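Subject: Structure handover

Hello,

Here is the structure for you to look over. My notes on it follow below.

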Amino acid sequence: MNRCTLAPGSISALLHRHTTQDEFIYLLAGEAVLVTDEGEMVLTPGMCAGFKAGGRAHRLENRSTAEAVFLEIGDRSAGDTAIYPRDDLAAVFEHGNWRFTHKDGSPY
């Protein structure tokens with residue numbers, strides 16, 4: 001579990017989905033826009049969202065003027081891959097670290 005703070009005007013990550021890791025977020029303070037490959041939804045404190053492995057691509061955006069604070073919960077599954085549907089980026093979780101490449105596997 002990570003406690004994350006999004007500054008005004010920032011995003012949590014590029015739009016992504018995980019292949020083996022389920023992910024769960026819970027908003028503690030502020031307001032964030034949940035962006036998925038299916039649309040958008042405003043989250044306020046007490047709201048949560050879950051993402052099944054291989055499911056919807058997602059990210060949070062802070063479009064407000066105040067910080068947004070949320071919990072991000074996942075298991076850091078060995079061999080997990082992050083898929084970025086809008087970007088030429090791939091990430092594999094190996095030996096406790098993320099390795100980033102182009103989608104074709106070539107290094108940056």
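**The hairpins and the open sheet**

A hairpin of 6 residues links E9 to E10. Helices (H or I, at least four residues) and strands (E, at least two) are DSSP runs, numbered from the N terminus. Strands count as paired if DSSP finds at least two bridges between them.

This is a predicted model, in which local features need pLDDT of at least 70 and side-chain atom pairs count only at pLDDT 80 or more, while totals for chains, interfaces and linings use all residues. Residues are numbered from 1 along each chain as its sequence is written, and side-chain values use heavy atoms, with hydrogens and water left out.

Back to E9 and E10. Strand E9 covers residues 81–83 and runs antiparallel to E10, with 3 bridges between them. Isoleucine 83 has alanine 90 in E10 as its bridge partner.

Alanine 90 also stands opposite threonine 101 in E11. Strand E10 (residues 90–94) and E11 are antiparallel and joined by 5 bridges. Another of their pairs is glutamate 94 with asparagine 97 in E11. The hairpin of E10 and E11 has 2 residues between the strands. There, histidine 95 takes a positive phi near 50 degrees.

These strands belong to an open sheet of 4 strands, ordered E2-E9-E10-E11, with antiparallel pairing. Strand E2 (17–18) and strand E11 (97–101) are the edges, each pairing on one side only.

**Whole chain**

The protein chain has 11 strands and 0 helices. From the N terminus, the order of elements is β-β-β-β-β-β-β-β-β-β-β. The radius of gyration is 14 Å, close to the 13 Å that the globule rule gives for 108 residues, so the chain is as compact as a globular protein of that length. That radius is taken over C-alpha atoms, and the globule rule is 2.2 Å times the number of residues to the power 0.38. The C-alpha trace spans about 40 × 25 × 25 Å along its principal axes.

Of the 108 residues, 35% count as buried. Buried means under 20% relative accessible area, exposed means over 50%, and partly exposed lies in between (1.4 Å probe, protein chains only). The chain exposes about 6,000 Å², and carbon and sulfur atoms supply 54% of that area. Accessible areas come from the Shrake-Rupley method with a 1.4 Å probe; for residues, only the protein chains shown count as cover.

Now the contacts, meaning heavy atoms within 4.5 Å. Among those with a separation of 6 or more, 61% are between residues 24 or more positions apart.

**Strands E4 and E7**

Strand E4 (residues 32–36) pairs with E7 in the antiparallel sense over 4 bridges. Threonine 36 sits opposite histidine 58 in E7. In a regular strand the side chains alternate between the two faces of the sheet. In strand E7 (residues 58–61), His58 and Leu60 point one way, and Arg59 and Glu61 point the other way. All of these are buried.

*Aspartate 80.* Where is aspartate 80 found? It is in the loop between strand E8 (68–74) and E9. Aspartate 80 counts as buried, at 0% relative accessibility. Leaving out residues up to four places away in sequence, aspartate 80 touches His18, Thr19, Thr20, Gln21, Ala91, Val92, Phe93 and Trp98.

*Alanine 49.* Alanine 49 lies in strand E6. Alanine 49 is buried, with a relative accessible area of 10%. Its contacts, not counting residues up to four places away in sequence, are Glu23, Phe24, Ile25 and Leu34. Isoleucine 25 is 24 residues from alanine 49 in sequence, and 5.4 Å from it in space, C-alpha to C-alpha.

*Threonine 44.* Is threonine 44 buried or partly exposed? Threonine 44 is partly exposed, with a relative accessible area of 32%. Its place is in the loop between strand E5 (39–43) and strand E6 (48–51). Neighbours within four places in sequence aside, threonine 44 is in contact with Leu27, Gly30 and Glu31. Glutamate 31 is 13 residues from threonine 44 along the chain, and their C-alpha atoms are separated by 4.9 Å.

Best wishes
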